[in-house]
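Here's a quick walk through the model on your screen. Have the sequence and the 3D view open side by side, and follow along residue by residue.

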Amino acid sequence: MTSSMWVSITSADLARSAAFYEALGFPVNPDFSDEHGTCFELADNLHLMVVARDFFATMTTKEIADPRTHAQVGLNLTRDSRDEVDAIVEKGIAAGGHEPQPAQDLGFMYSRDLEDPDGNNLGFLCMAPDD
């Protein structure tokens, strides 16, 4: 059996969030999208559900963290090159996102963080090939 991963994050403004993630180039899967949430296909078997906060609250008895003030999870996506990392972060900034800290170049890995308009953090990185 092949597993797939469905990651859900909250949004205070679903239309704004959908526009942001579409600007990053992530296609919407209309089969799993409605007025409560939008499904984005990040890769084969990897889906991002952007869910309205009030609807997300019906799925748990726990308090919903505010992503502007609390870190919940690290979502990191690889890209094939440093240029691709830079390009997607720049698209996100142009679409209303924010880069919360400077890029990190560790030699073996280059990464940049991007916060969506709700404060959810995405990391984009590329790994240096083995020599």
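Start with Val7: setting aside neighbours within four places in sequence, Val7 touches His47, Leu48, Met49 and Leu75. Keep in mind that we're looking at a predicted model here. Val7 sits in strand 1, which covers residues 5-11. Is Val7 buried or exposed? With a relative accessible area of 17%, Val7 counts as buried, because the cut-off for that label is under 20%. Leu46 also comes up around here: Val7 and Leu46 are 39 residues apart in sequence, yet their C-alpha atoms are 7.9 Å apart in space.

Now step over to Asn45, in the loop between strand 2 (37-43) and strand 3 (46-52). As background, most residues other than glycine have a negative phi. As for cover, Asn45 is partly exposed, at 38% relative accessible area.

Two other loops deserve a look. Gly74 is in the loop that runs between helix 2 (53-56) and strand 4 (75-78). Gly74 is exposed, with 58% relative accessible area, so it clears the 50% cut-off for that label. Gln101 belongs to the loop between helix 3 (82-94) and strand 5 (104-105), and Gln101 is partly exposed at 39%.

| Pair | Separation in sequence | C-alpha to C-alpha distance |
|---|---|---|
| Val7 and Leu46 | 39 residues | 7.9 Å |
| Gly74 and Leu122 | 48 residues | 7.0 Å |
| Gln101 and Asp113 | 12 residues | 6.9 Å |

What about the cysteines? Cys39 is buried, with a relative accessible area of 0%. Cys126 counts as buried too, at 9% relative accessibility. How many disulfides turn up in a search of the whole structure? The search finds 0. For a disulfide to be counted, a pair of cysteine sulfur atoms would have to be within 2.5 Å.

Time to zoom out. The protein has 3 helices and 7 strands. Reading from the N terminus, the order of elements is β-α-β-β-α-β-α-β-β-β. Among contacts between residues at least 6 apart in sequence, 52% join residues at least 24 apart.

And the overall dimensions? Along the principal axes, the C-alpha atoms fill a box of roughly 50 × 40 × 25 Å. For 131 residues, a compact globule would have a radius of gyration near 14 Å, and the protein comes in at 15 Å, which agrees. Across the 131 residues, 35% count as buried.

Finally, the surface and the charges. The accessible surface comes to about 7900 Å², and carbon and sulfur atoms account for 51% of that.

How values were computed: Residues numbered from 1 in each chain as written. Predicted model: local features only at pLDDT ≥ 70, side-chain atom pairs only at ≥ 80, totals over all residues. Heavy atoms only, no water. Helix = DSSP H or I, 4+ residues; strand = E, 2+ residues; numbered from the N terminus. Rg over C-alpha atoms; globule rule 2.2 N^0.38 Å. Buried < 20%, exposed > 50% of the residue type's maximum accessible area, 1.4 Å probe, protein only. Contact = heavy atoms within 4.5 Å. Areas by Shrake-Rupley, 256 points an atom, 1.4 Å probe, with all protein chains shown as cover.
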